[in-house]
Amino acid sequence: MRYQNPVVKGFYPDPSVCAANGKSYLVCSSFQFFPGVPLFESTDLVNWTQIGHVLTRKSQVMLENINSSGGVFAPTIRFYKGRFYMVTNNNTTQENFYVYTDDIYGEWSDPIVVDQGGIDPSLYFEEDRCYFISNGNDENGKGCVMQCEIEIETGKKLTETKPIWGGSGGRYLESPHMYSINGMYYLMAAEGGTEYGHMVTYARSENIWGPFESYPGNPVLTNRNKAPYIIQGIGHGDLIQAQDGNWYILSLGFRQIGVWMPYHHLGREVFLTPVRFGEDGWFRAGHDGTCDEFYEIPGDFVQKEQKLYTFENTDFNREWCYLRHPHMENYRLESDKVTLTGTDITLNEPKSPTFLGIRQRDFDMELSVDVICDAKEAGVTAYMNEDEHYEIGLSKTENGVEVFVHLHIGDAECEKCRIALDDNQKVTLLIKSDACNYHYYVKDGEKTVYLASARTKYLSSEVSGGFTGVVLGLYAVEGKACFENFCCRY
Ligand code: 6LW
C-alpha cells in the first residue's frame, strides 16, 4: 500500500511507539499543554487514531506557571507483561518519571520518579528486569547514553548509572532506546539537535552494558543533506516491528516552507520510514538513509485522513487541549457549543488564559466559527507561544461589538484592523491559510469582508524558538463568549 508522510500531522513531536495486543500505540511530547502526552492507536502504523492522553490528572504532572516549551518532554511508551508504561521528563522540574496502566483506554497511575538525570528517558524490559536509559554526560562532560537498572514497582535504582554509548560524534545525543533483536542489543538514538541537522544513529552490542559498536553507516536516517526537500529535521525515532515482520522507524520531522532560509510553523510531526535488516545484522532505513514523502509498503489498507474537525466530530478529551493547568470552571463544553469565561489573564502571559486549542494540521486550512461575545476580547488565536500569536477576535464595547485582527510578534504588537459591526449578535469569524499566510475575514450578514493577512513565518520555530507548533485556540479575556458551528477544514 502507498502512504504519504507525515502519518500524524501537526504538532505531535518526539514519537515513541510500542506493539501490544495486535495493535500499536504511539505517544508524543506536549510541553506546556494539558492534558499531557497525546496517545494514539493503529493497526497498520500509517493510520493513527487518537484515543486520549496519558497525563490526564493535574496531580500527575506539574505545569503550574511553567515556561513555554518546558514541561513534558519526549516520552517513551513500552508494554511488558500486560502493562503499559510511559516514561518522560518534566523539563521544568528536571524530573524523570513514569506512569503505568493495564487498560490503555483507562486512567494511568500516579507518577513514579527515577533518580537519574538527563532527558528522553526510556525503559527496556527483559526477564523481569527493567533498564532505565536517558541521555546525560560522561565524566569528561561529553554527551552519552546513561543506563541503570531499576525496580519497576518503586522506581528505585538497583545499579549505579553508567555511560554506555557516546554516539557517533554528532551534537545533542538524545532519544536513546534499547531493543533486543536476534540475540543482539541495539541502541538507537538521535544526534544533531532537533532541527535541520537532526539524525537517527545506532550501535549494537552482545551485552546490554556494552561495549557498543557504532553502525558504520551512521547516521542511519537523516534528511540533513536532502535539498531542496520539504521534509526536514528527521530524527528522534523509535523502532517497531509490524505484524507482518517488517521493521519501521517512527520519527519526528517537519515540513519546511521555502528553500533558502526555510522555516516551519506547524511544529514537529510524525513520519514513518521502512527499515531493512541486512545479512550482516545491521539495519538500513528509508531511501539511502533518508525519509521520503511517499512509500509503497506491504499491507492491505488505505491511508485515511480526517479533513474536517468540528465540535461534533471531535472529543474535548482527545483532540483539544489547554495551556498549563486550566481552571475548568471557566469552560462550559457542550456537544455543539463552547462557552468560555475569560479572566484577566491574556494570551501574552506564560500562564493559563481561558484557551481551548486544537493543533493546526496542514498549511491549507479554512476555519470558521460563530461567536457571541460579551467579553473584552474573544476569538481565535493562531498560537505559537505567549510571544508569538495572531488573533481574529471580537470586543464588546459600549456601542456594540468590534472585530479586530491583532498580531503579536515578540516585542512588536500590531492591530491590523478594528471595525465596528452592524449585526453583532452572532458573528462568524473566518481564517483561510496557505503555507505562507493567514487571511482573516468576518461575515457581515451575507457578505464576507476581508480584514487582513499575516505571514506564517513569524509564528515559525525559527522565529519563536522552542519545541512546539501552532495550536488554534478559542479564547476569551474578561467576560463570556459563546462559540458555535466550529468548523476547521483542510
Ligand atoms: C526532546 C529531544 C528533542 O526531548 O527535543 O527531538 C526535545 N528531540 O530529544 C524536546 O522535544
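Pro-35 sits in the loop that links β4 and β5 (36–42). The model is predicted. The peptide bond running from Phe-34 to Pro-35 is cis, and its omega is near 0°.

Find Pro-228 in the loop between β18 (213–214) and β19 (231–241).

## Two domains

Now step back to the whole chain. The protein chain splits into domain 1, residues 2–296, and domain 2, residues 308–489. The C-alpha centres of the two domains are 32 Å apart. Domain 1 brings 39 residues to the contact, and domain 2 brings 37 residues.

How can an interface be sized? The size is often given as the accessible area lost when the parts come together. Domain 1 and domain 2 bury about 3,300 Å² between them. Carbon and sulfur atoms carry 57% of that area. Which three residues supply more than any other three of the area that domain 1 buries against domain 2? They are Phe-33, Tyr-263 and His-265, with 21%.

## Links across the interface

Charged side chains meet here. Two salt bridges cross the interface of domain 1 and domain 2. A salt bridge joins Lys-9 to Asp-362, and the closest N and O atoms are 2.7 Å apart. The cut-off is 4 Å, so the Lys-9 and Asp-362 pair counts.

Polar contacts cross the interface as well. Between domain 1 and domain 2 there are 22 residue pairs in polar contact, with both residues at pLDDT 80 or more. On the side of domain 1 that touches domain 2, β4 (33–34) and β6 (49–55) each give at least two residues. β6 gives the most to that side, with four residues. What kinds of residue make up this side of domain 1? There are 20 nonpolar, 13 polar and six charged residues.

## Around the ligand

There are 13 residues around the ligand. Of these, Asp-14, Asp-120, Thr-194, His-236 and Arg-268 come nearest.

Thr-194 has a polar side-chain atom 2.9 Å from an oxygen atom of the ligand. For His-236, a polar side-chain atom is 3.0 Å from a ligand oxygen. For Arg-268, a polar side-chain atom is 2.8 Å from a ligand oxygen.

## Salt bridges in the whole structure

How many salt bridges does the structure hold? The count is 24. One of the pairs is Lys-81 with Asp-128, at 2.9 Å from N to O. Lys-81 is in the loop between β7 (76–80) and β8 (83–90), while Asp-128 is in the loop between β11 (122–126) and β12 (129–137), so the pair ties together parts that are 47 residues apart in sequence.

Note on methods. Residues are numbered from 1 along each chain as its sequence is written. This is a predicted model: local features need pLDDT of at least 70, side-chain atom pairs count only at pLDDT 80 or more; totals for chains, interfaces and linings use all residues. Side-chain values use heavy atoms; hydrogens and water are left out. Domain bounds come from an automatic or database domain assignment. Contact means heavy atoms within 4.5 Å. Buried area is the accessible area (1.4 Å probe) that two parts lose on being put together, summed over both. A polar contact is a pair of N or O atoms within 3.5 Å; within protein, one must be able to donate a hydrogen and the other to accept it, and residues adjacent in sequence count only if both atoms are side-chain atoms. Ala, Val, Leu, Ile, Met, Phe, Trp, Tyr, Cys and Pro count as nonpolar, Asp, Glu, Lys and Arg as charged, and the others, Gly among them, as polar. A residue is near a molecule or strand if one of its heavy atoms lies within 4 Å of it.
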